Amino acid sequence: MQINRPAAFLVVLLFLAVVVLGTFGTSWNTVSELPENPADPSNVEGLGMLIFTQYVIPFEIMSIVLLASLIGAIYMAKGEGSK
Amino acid sequence: MIPLNFYLGLAALLFSIGLYGVMTHKSGIRLIMCIELMLNSANLNLVAFSSYTDTLNGQVFALFSIALAAAEAAIGFAIFMAIYRMHDRINLDELNLLRW
Amino acid sequence: MVDLMLLAPEIAIAVTGLFVLVTGIFMSPQAKNMLGYLATFGVLAALGLTVASFGTEAVMFSGTVSIDALSQFFKLVFLVVALLVSVAAIKYNEDSEHIEEFYALVLFATFGMMFVASANDLIVLFCAFELASLATYALAGYEKQNPRSLEAAMKYFVIGSVSAALMLFGLSFVYGATGTTSIPLIAANSGLLVDNPIGLVAVVLLIAGFGFKMALVPFHMWAPDTYQGSPSVVSALLAAGSKKMGFVAAFRVFIVALAALQPDWQLAFTILAVVTMTFGNVVAVSQTSVKRMLAYSSLAQAGYIAMAFVVMTPMALAGGILYALAHAFMKAGAFIAAGAVVWMVTSEKRGNLEVPDHLDNFKGLGTRMPIAAFAMMVFVFALAGIPPTAGFMAKFVLFSSTIQAGMIWLAVIAILNSALSLFYYARLVKYMYFLPPEGEKVGTPFPYALALLLAVAGVLVIGIWPEPFVQWAMEAASVLV
Amino acid sequence: MALEELAFLIPVLPALAFVITFFFGKKLPSGGAIIPIAAIAASFVISLMITLGLLANPEEVVSQSVSWFAVLNLGVLIDPLAAVMLCMVSFVSLLIHIYAVGYMSHDPAKPRYFAETALFTAAMLSLVLSDNILQLFVSWELVGLCSYLLIGFWFAKPSAASAAKKAFLTTRIGDVMFLTGIIVLTADLMKLAGGFTDGVYLLRFDEIFSYIPELSAMQANFLGFEVSHLTIITLLFFGGAVGKSGQFPLHVWLPDAMEGPTTVSALIHAATMVTAGVYLVARTFPMFIAAPDSLMVVAYFGGFTALFAATMGIVMNDLKRVLAFSTISQLGYMMLGLGLGATIGLEAVGVSLFHLINHAFFKALLFLCAGSVIHAVGTHDMRELGGVAKVMPITAATMTAAALSLAGFGIPGTSIGTSGFFSKDPIIEAAYLLGEHNGNWIPYIFSILAALLTAVYIFRLIFMTFAGKPRSNYGGHESPSSMTIPLSILAVFALVFGGLTRTGFMEFLEETFTNSFVNVDIGSLAGLGEYEIVHAAGHEPLLILWLPVIIALAGLGISFVLYYLKAVDLGAVASMKNPVYKLLYKRYYQHEIFTEFFSIGVVYGVVAFLTQVVDVIIDSIVEAIGIVTVAAADALRRVQTGVVQTYASVVIAGVGLLIILVKLIMEVL
Amino acid sequence: MLPVASLLILVPLIFAAVTFFTKTKEQAAGMGLLGSLVTLGITLYAYMNFDSSTAAMQFFESMEWIPSLGISYTVGIDGISMPLILLNAIVIPLLVVYSWSEDREAPNRFYGLILAMQAAVIGVFVSLDFFMFYIFWELTLIPLFFMVNIWGGEKRAHASYKFFIYTHVASLVMLLGIFGIFYASWQQTGVPTFDIRELISQYQFFESGMLKDAIFLALLFGFLAKIPSFPFHSWLPEAYSEAPTAGSVLFVLLKIGGYGLFRIILPMLPNAGSPDLFIVLMGLLGSVSILYGALLALRQKDLKRMIAYSSVSHMGYVTLGAAGLVALSVSGAMFQQFSHGLIMAILFMSAGAIHSSAGTRIINDLGGLAQKMPKLTVIMMLAFMASLGLPGLTGFIAEFLVLTFTFANLPGFVVIALLAIVITAGYHLWAMQRAMFGVYNEKLGDVKDINSLQVFSMAVIALLVLYFGLNPSPVLDMMITNSEAIVSLAAGAGV
């Protein structure tokens, strides 16, 4: 089956419409002001703290993820099995 | 202050572009790029929310997802390489041995 | 301080994975066959540790991980699948040079699934989910020389990535609306989601993300191709294991975190469940590739399990959870049996080599591979819900709870579907037992036979003595409501 | 041991004989005929002894009952009615068995023949002895089975197999009516008795008769008529009798039944089984007389059948078929006699049964003579015979005796006359009484016309067969003595039995319903049935008394002129161009109406509709589900194109559509 | 006292398993015979020790199985099940003997399936727990499916799938009914139980409404489709006629549909929403089945198909008698099940013998077989006569009881059934005349009569048909005892 661009476009339009209607129709609960100084170092520090305390488990999982993708990628990319 | 919806709208648009690419491109490389685009648009969402709700979880999430996107791209490229070795090209719409 | 003993099964799996990987590098090709036993041993240890820790409950790591009856139960499911796959793969990987990679990926995928089961935070959930996906992408393409395997991996990867993106997109909205990623806190802050259209968008995006794993129509498109093209043991892992990961994630996210949005997702699941089971069963009727047929049947089974979200009584959830366990045995077993046939066909170089799992290759299997054929018969009858098998017990609990909740129409649809499924299951049994064999008796190789008999034992034990399993499933369900 | 206690042996002995002959007949001499002959002889002796005892004391009937199943029983009842039937059946059966030793001597399947006739005798005796309606029905069906088996005795002959089937099916129609009657009766009895009592046998005649007043009081609306339940039940019983006794319109099987061996025709289709219907009506006579209109229906059907069958009898060319129509006609007389109970009350039973017994003698004799002829000359087409008397004098003589008896020659007011005369005359006279009292002359006209035709056809048979010169080249010789002795015995009975027993017989039978077993007051029952009973036999005008004899003489004369002297050329009359002759010869087109139109046209039409339309529709619904499923499977699998971009599109479209769908449904709900 | 009920399931099951592993035909048939004889022995032991004067459960065993769902292993035998067990136990060994001399592929599976079928059918009869009942109910499908699918006639694939899926759908609908009654009672009492008798007695306390009727109708449908009753019969002609002889006989021994009526439907009936309507429904379906089956049998060209339709007709008496709801009509219906099993067994054996020796079952292609097959003809004639309801044979007892005692309550339907009697006689005699009588059809070649083993097995059943026709009390009495208990329930509820 060939790729049907107009149809794909319509599908995407549908998706976009739905998502945009969803987001714009929502009254988000936002803070009144954004942090003024983008260079505020507390952010990075906070991230670090979070990653190594609360999110240590995902961090550990990420280590396995990287290892797994490493193995997988190397295995798949190795050339011995070609043709 | 830029309204939150501007970010969200942008993210949605980027995401949709990514989707359109996935649906229409034959090339595996472009496909992975589109997927990256989608993941990143989601990251954009996360970061925007993180700022607008003044919580850091979103940014942590985004960090992890960037790493995941990288891993995913690695695997993806590896698979396409294997396909390329076999077929000498990566035209995804020609891979339809498995169907029906 | 956290009690790491509670994570002992996960640690055991991860350590085994690493150990297999590292030792594999230093081993001679002949000695590598040992690794399968090693991995099996590790899985068994993890299984033992999981069963030993049944009944304990804890929330750890600042509330990101929750050990409870639900997670324990699903860990059991994943470990059972991992065990069956590990055992069967001993034969599948015989004399391969990449045994350590295979087992490492299987174990890492299992590791990811186990964390999904106990995730109490969206970040943990997403990372673990992706781990399980990434590891299996490569596994699906494990037969690099086989264009079908590669194609399976490619399709799996593309749809998986799109789904991951959709899921992440959805998760971002959930996070944005509630300002947190912790599942219990989301439940507490879900007011905004309920009042705004974004709630529904997020729910459907998440359903798409999880539905990809669960293989719910229309997010199933990859599943038949991938299950067919992948090595059978990997199909077993995908269909029996990672499919359940989708369910446990959905249990956690929808029933616990997004409980307030129940009307939305209940309706969505109603549509999906009905469409999925009908589509799966109907299309399975016309399949000639056994693995593809099993894939469609797997869709149908997902549809049944999804009924738990529709009915939403403790009984129904228990039924769905029990079904997950039963399905792990049945479907893993069925794919492994198909794998044994593929092995036979490819090693003999006889029969339909293009599609080694073609129905024609199953002719007279009862005489050619008695154990595999018998096991396959048990599995397909279990899948069809014929007593006294696990499939029947699970359907019994699940369908009966549907009646209990007064959703007679849904029960009728499910039951008619179940009847329809008999058609193609019985056909397979007919091919195996009642058509003349085309070839000599081969016998089932030991690892396959062991894995199959383990699965048969599981199917029959749950079918004949379901009491403890029903109890566990009920405890697991009690976490959700 | 008292003889009465052996009563149960009467049917049991022939039944045992059946078993022995069936399984061991081949190893016994003469096909095992000796076994049934001995058994039936024993039964005859027991019957005769009991009957003699009963003659002395008609009040003390023999009655034995054992529980069968549920609330039903098996039992033996020998009252005067049963006694005379018993003696007749066992006696005729005995003679015919003896005769058959000679007649069947060349048939290889003798053991089967004798086994089946033994079984028939057992069933027939059991029918007669039965003390309850269910056992009677059971035996009734068994004699039907034996009739079926024996008509189809030469089953390799397609016409025999077909005739057997026809006989069974036609009588089955009557049987179903009979069964329906039993069912209605049982339902009513249960209602009246208010359930079951231990030790009370629901369907025993004493039990049934005791509820007659209540039954007659029960009214039902049937097609707009208010009729009593008793009328419905009795008419249904009569329906059974119509089938079994070959009454119009269920007589069609009887002529065809002649496909069986002649001995079978004599035994079953002349003397015994076909009279079971008459016996049934006689047995349940208290019910009939208490049921308004039932007896009149019986009388009309009987009278009409008597005439109707006789008309066909005069054109038949087949020896046995003439006799078959004659049997039907005579059975009509018997039914008519019973129906005349509407006027003469209980006497009707005596009159009718007397004719039944006499008929058994002379008709069995006629058949056996015919059999003797057929056995000797090898054909039964009368057109090919002629002058047989010269070859077979004994047969000719005995058959003439039987013909005289059938035609009914005698001198009224004296004891001089043939048996047939003494039994047929009272029926005709009673029919006259009916006309006199009710102004309803039709039965009388039927009966008198039938008497004329009877004489015509039977002497036509005699003249065509025995007189004149042979019309074809047949061999022939007189039959062996095992055949001629029974003929002679029967001839004696056909000539003198009636004259000897006529008064005693009637009186004996009038005791039937007043004895130690049942005691019903027929007079008051007749009141329930709204019948007016008169006892006037004997003082009719002289012309009426003589008329039957004159008519019979006239018939003899006509036959003599037409068939002996051949004074008139019958070629023009007896041709297919003559519509009347054709109608008669074609037997009123019964075959066309019943078989071709009704069973093939209507029944098969309905069946064809059911098989080809209804069942196909029902089945298609099932099949369609399967076909649709497979078609759907083939269509839906095409969704899986194999191109990954399509898959992605479906996923994304799914997301969009699902959101919209859920939203819409939520809005609607 | 032996645990008879359990043994009756276990013994054939174990022998079935052993039989599957036999190598030669002799071993397989021998093991089949041995297993069925042992079962027969146990059954006779049970029958000897059976007290037919009580309607209570005998040989009762019960133990917990899945307590969290209230499922228990409960078995017992009473007057409803005893005759049917007896029927199975008697016919199966004879069936093995009958098919002893036949050559076929995979005899070990063949005889194994026969024994497995016996275990499953007896399992249905002795189960007193709905869960077990359903399990055995479903298990009966599998042996039959394979019986037809492997050893069946030309259209066996279609027939077997149709039968399998059709009746499976019906049993699943029945399962829905079981769920319904289970949960409604759970709600009522707070205690889950699958005990059949407990659930039935709880049924009367259910809130009347849609659910209550739906439960009843779902169960009723499940049973009627199995009986099968018009208009759910369309699986039957093909399955019966395509099955091998042994399969057809196993089909006729499958009396679980009618059993369900007596065990479950009738005790529930008085408490169902509108009992009168349901009685009329059952009566209508029963009587229409009788007439319809008979009419369709009249037109069949294939002997086996004709017998199959006659089965629809005869099983109509079961439904009709059950609807009669009088002790004797219900007993008659039960007796019809027993009688029909015996008679049809002979008929299918006869048809099988004709098919295997003459090479065809098309009635018009036969003819004059009586000359070549006298032994078969005699036995077949007896069976035909029994089948058309000739007195002195079992068929009459059953039909008489049903018709007579149903008449008081449902006169109209009895009249419909009575119409069928002549037609029933018609197609039997027609077939007899065309196939067995008349001139021998020389095209059939040299046809051999049945061998002595076949004569033996058919004659034994024929003698039983005769014996129970003359003396039905040994089985009828226990039926009456239990029918009275059932009917008194109905009377108590004022129906």
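Modeller: Gladly! A salt bridge here is a side-chain nitrogen of Lys or Arg within 4 Å of a carboxyl oxygen of Asp or Glu. This is a predicted model, in which local features need pLDDT of at least 70, side-chain atom pairs count only at pLDDT 80 or more, and totals for chains, interfaces and linings use all residues. Residues are numbered from 1 along each chain as its sequence is written, chains are lettered from A and ligands numbered from 1 in the order in which they are written, and side-chain values use heavy atoms, with hydrogens and water left out.

Biologist: Why is the contact of D:E259 and D:K157 called a salt bridge?

Modeller: The N to O distance between their side chains is 3.3 Å, and the limit is 4 Å, so the pair qualifies. This pair links distant parts of the chain, 102 residues apart: D:E259 sits in the loop between α10 (253-256) and α11 (262-271), and D:K157 in the loop between α5 (133-151) and α6 (158-193) of chain D. Helices (H or I, at least four residues) and strands (E, at least two) are DSSP runs, numbered from the N terminus.

Biologist: How do you know whether D:E259 is buried or exposed?

Modeller: Buried means under 20% relative accessible area, exposed over 50%, and partly exposed in between (1.4 Å probe, protein chains only). D:E259 has 17%, so it is buried. D:K157, at 37%, counts as partly exposed.

Biologist: What makes E:R104 and E:E102 a salt bridge, and which label does each residue get?

Modeller: Their closest N and O atoms are 2.7 Å apart, within the 4 Å limit. E:R104 is buried at 19%, whereas E:E102 is partly exposed at 21%.

Biologist: And what about B:R89 and B:E94?

Modeller: Their side chains meet in a salt bridge with an N to O distance of 2.6 Å. B:R89, at 44%, is partly exposed, and B:E94, at 42%, is partly exposed too. A search of the whole structure finds 27 salt bridges over all chains.
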